[in-house]
Amino acid sequence: MAVGEEMYGFVSGPLVLIAFVLFVLGLVIQIVRFFRMTRKKDPVAIPVSSPRQKDVDALRPPEEVRKKVRLRGTVLRMEPFMAVVTTIFHLMLILTPILLLAHNLLLEMSWGLRFPSLGEGTTDILTVAIMGFCVFFFLRRIFSAKVRAISTPYDFLLLFLVFLPFATGFVAYHQLFAYKIVLLAHVLAGELMLICIPFTKLVHMVFFFLYRFFLPGEYSFAPVGRRVWK
Ligand code: HEM
Ligand code: HEM
């Protein structure tokens, strides 16, 4: 079993580091790409006969009206249920692996670093909930006509890629069968997911913020974006 042992050592040793480096470096590269694909907006030229500020202010709708229309067309207004579901899903998805005791023990052993950990019972329940959310998103892509219309095999593949580390982590934790092999599969699944984040549509992890804070008209949070596509 020397080959098996060697592979185990590589996957749970250097490959973990490689995965994290690719994850961080990939995200940095994508952020740099975003700034290279966009440029600062030209300053607005103000015509000589521009209206006076007080006339412009007089034309602005009152605050109550602006408050009412602010959410129009946003996910929060159009699909409040999905906005809540996806927020809870993402919070769990990001926090569970970070606050997981097993991960923190490994992190401490190799880097002397440790985040606070939740109880194992809690993270186990969160894991089941995350898997449940993945199943929900899967069924939504099949049964909701408007989501099915824009779904491709790629969307299903990526959803499965996100589901896999949680499913294998769960099976490993409960030692349901072939512990060593399942654990190896878990570490590989985790690494694969991390590496895929910057290079697949999972890159929305950073693009979500870049688009919404810098670009106008991309469901932006900022009323007027500071950059435009080149
Ligand atoms: C990349 C390197 C990774 C390593 C070395 C690793 C290692 C481990 C280990 C040793 C366990 C405990 C198994 C047991 O108790 O016997 C575990 C559990 C778990 N891992 Fe990972 N993991 C990695 C990545 C990930 C990623 C990226 C995710 C999710 C995004 C993840 C999610 C989980 C979950 C949710 C559990 C616990 C499941 C439960 O308690 O029900 N892991 N991991
Ligand atoms: C903090 C950063 C993140 C933000 C702000 C964010 C935001 C979003 C938004 C707005 C959606 C669309 C929700 C909808 O269909 O209504 C989405 C979908 C999704 N996100 Fe994220 N995301 C983030 C990080 C991540 C990460 C790190 C992963 C996994 C590694 C991930 C996995 C997914 C998946 C799988 C879906 C699609 C679910 C489906 O198939 O419908 N997200 N995200």
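Tutor: From the N terminus on, the elements of the protein chain run α-α-β-α-α-α-α-α-α-α-α-α-α-β. Here helices (H or I, at least four residues) and strands (E, at least two) are DSSP runs, numbered from the N terminus. This is a predicted model, in which local features need pLDDT of at least 70 and side-chain atom pairs count only at pLDDT 80 or more, while totals for chains, interfaces and linings use all residues. Residues are numbered from 1 along each chain as its sequence is written, and chains are lettered from A and ligands numbered from 1 in the order in which they are written.

Student: How many helices and strands are there in the protein chain?

Tutor: Twelve helices and two strands.

Student: Which domains is the protein chain divided into?

Tutor: Domain bounds come from an automatic or database domain assignment. In this chain they give domain 1 (1–39 + 152–230) and domain 2 (75–150). The centres of the two, taken over C-alpha atoms, are 14 Å apart.

Student: How many residues of each domain are in contact?

Tutor: Two residues are in contact if their C-beta atoms, placed from the backbone, lie within 7 Å. Ten residues of domain 1 touch eight of domain 2 in this way. On the domain 1 side, eight are nonpolar, one is polar and one is charged. Ala, Val, Leu, Ile, Met, Phe, Trp, Tyr, Cys and Pro count as nonpolar, Asp, Glu, Lys and Arg as charged, and the others, Gly among them, as polar.

Student: Which residues come nearest to ligand 1?

Tutor: A residue is near a molecule if its C-beta atom, placed from the backbone, lies within 6 Å of it. Of the 24 residues around ligand 1, Ala102, Pro165, Gly169, Tyr173 and Gly190 come nearest. This shell has 14 nonpolar, eight polar and two charged residues.

Student: And why does ligand 1 lie between the domains?

Tutor: Because domain 1 and domain 2 both give residues to its shell.

Student: Which helix gives the most to the shell around ligand 2?

Tutor: That is α6, with five residues. In total, 17 residues surround ligand 2, and Met82, Thr86, Phe137, Met205 and Phe208 are the closest. Both domains give residues to this shell, so ligand 2 lies between them.
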